[in-house]
Amino acid sequence: MNIREDIEAREKLILRHERSLSINSLGRDVPEEPSDTRTCYMRDRDRILHCKSFRRLKHKTQVFLAPEGDHYRTRLTHTLEVAQIARSIARALRLNEDLTEAIALGHDLGHTPFGHAGERELASLCPYGFSHYSQGIRIVEKLENGTGLNLTLEVRDGIKNHSMKAMPFTEEGKVVRLSDKIAYLNHDIDDAVRAHILKEEDLPLEPREVLGHSFRDRINCLVHDVIDSSIEDGVVRMSPHVETAMMDLREAMFATVYNIGSEAKKEEKKAEEMIGALYRRMMESPRKYLPEAEIRRLDLDQDPLEVLVCDYIASMSDNYAMKVYEDIFLPTRWKTM
Ligand code: MG
């Protein structure tokens, strides 16, 4: 018995659902020899962690655009917080922690520069539509490495269906979907307080009475609630009472922080215009501005130009998008010898 087989045997003893076992994965599009030390989900997690799209998350907006302060969340630290919350819940419920972690680390790979502002702009410009969750799937199925990461179906489903309106088919995917909301709601409040655009007392009292009055208390309450509500049958859910409180706080955040006119979002218009300008210029002269890899894909003629331009812009970090914009639209400063 090799190490992977030993881990798979231990999963049978620990995990509560047959369908969570890595040996029961629906598998990859291209079959591969199994690893001798890692299960398929451990392998997927490692592939995501080592990919370039994952590293670019460090300079992508969470809420505050290209923040200068070191303590604000970026897409990368958000992703790590989601993964930590999701793993705690998965372990408590005896779900597959490796599958949960793989989905969590991959869930936001498709985000554009400047967060939802960038996403909105690409969605309005591209005739084929654009969303960060579909883009996440394009990245892992096609773009990363030129061929995609060949992940298991369970991980891809979790990435695709992590957002508000969708529902993944695995319990592990549902854990990540809830953990994403738990993480962003709380750390966005924390960052908004840090940025002096919100005081804890500005948030409505009623949901705070239910969830707690600090970052720590609220995370603790929400995580415990998911565990307590799901522990009996292993079907992941939140209690209606706590979910309502969470949604009320979320709504309050929409009214104060997430809305376009808020202090946190006042630069978003500029970010949208910048993404729009990059898109139009690249559509006009793709061979001049697209990188070599995109031009090769253009010659293969598998995807429309609009989609290739979206792929390239969506892949950019905030910093890189600003640099490309500067290179294209601003005159180069004369450097003295
Ligand atoms: Mg997220």
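Predicted model: local features only at pLDDT ≥ 70, side-chain atom pairs only at ≥ 80, totals over all residues.

Trainee: Take C51. Which cysteine sulfur is closest to its own?
Mentor: That of C40, at 18 Å. The distance is too far for a bond.

Trainee: Is C51 buried or exposed?
Mentor: Buried, with a relative accessible area of 3%.

Trainee: And C310, how far away is the nearest cysteine sulfur?
Mentor: 3.9 Å, and it belongs to C126. A disulfide needs the sulfurs within 2.5 Å, so C310 is in no disulfide. C310 also counts as buried, at 2% relative accessibility.

Trainee: New topic. What coordinates the magnesium ion?
Mentor: H78 and H107 through NE2, plus D108 and D180 through OD. The distances run from 2.2 to 2.4 Å.

Trainee: What spacing do the donors follow along the chain?
Mentor: H-x28-H-D-x71-D. D108 sits in the loop between α5 (97-106) and α6 (115-125), while D180 is in helix α9 (residues 171-194), so the pair ties together parts 72 residues apart in sequence.

Trainee: Are those two aspartates, D108 and D180, buried or exposed?
Mentor: Both D108 and D180 are buried.

Trainee: Now the surface. Which residues make the nonpolar patch?
Mentor: L26, L153 and F169. The patch covers about 290 Å².

Trainee: Where is F169 placed?
Mentor: In the loop between α8 (153-160) and α9. F169 is partly exposed, with 43% relative accessibility.

Notes: Residues numbered from 1 in each chain as written. Heavy atoms only, no water. Donors = N, O, S within 2.8 Å, 3.2 Å for Na, K, Ca; no water. Helix = DSSP H or I, 4+ residues; strand = E, 2+ residues; numbered from the N terminus. Buried < 20%, exposed > 50% of the residue type's maximum accessible area, 1.4 Å probe, protein only. Patch = residues over 30% accessible without salt bridge, like charges linked within 9 Å, V, L, I, M, F, W, Y side chains within 5 Å. Areas by Shrake-Rupley, 256 points an atom, 1.4 Å probe, with all protein chains shown as cover. Salt bridge = Lys/Arg side-chain N within 4 Å of Asp/Glu carboxyl O.
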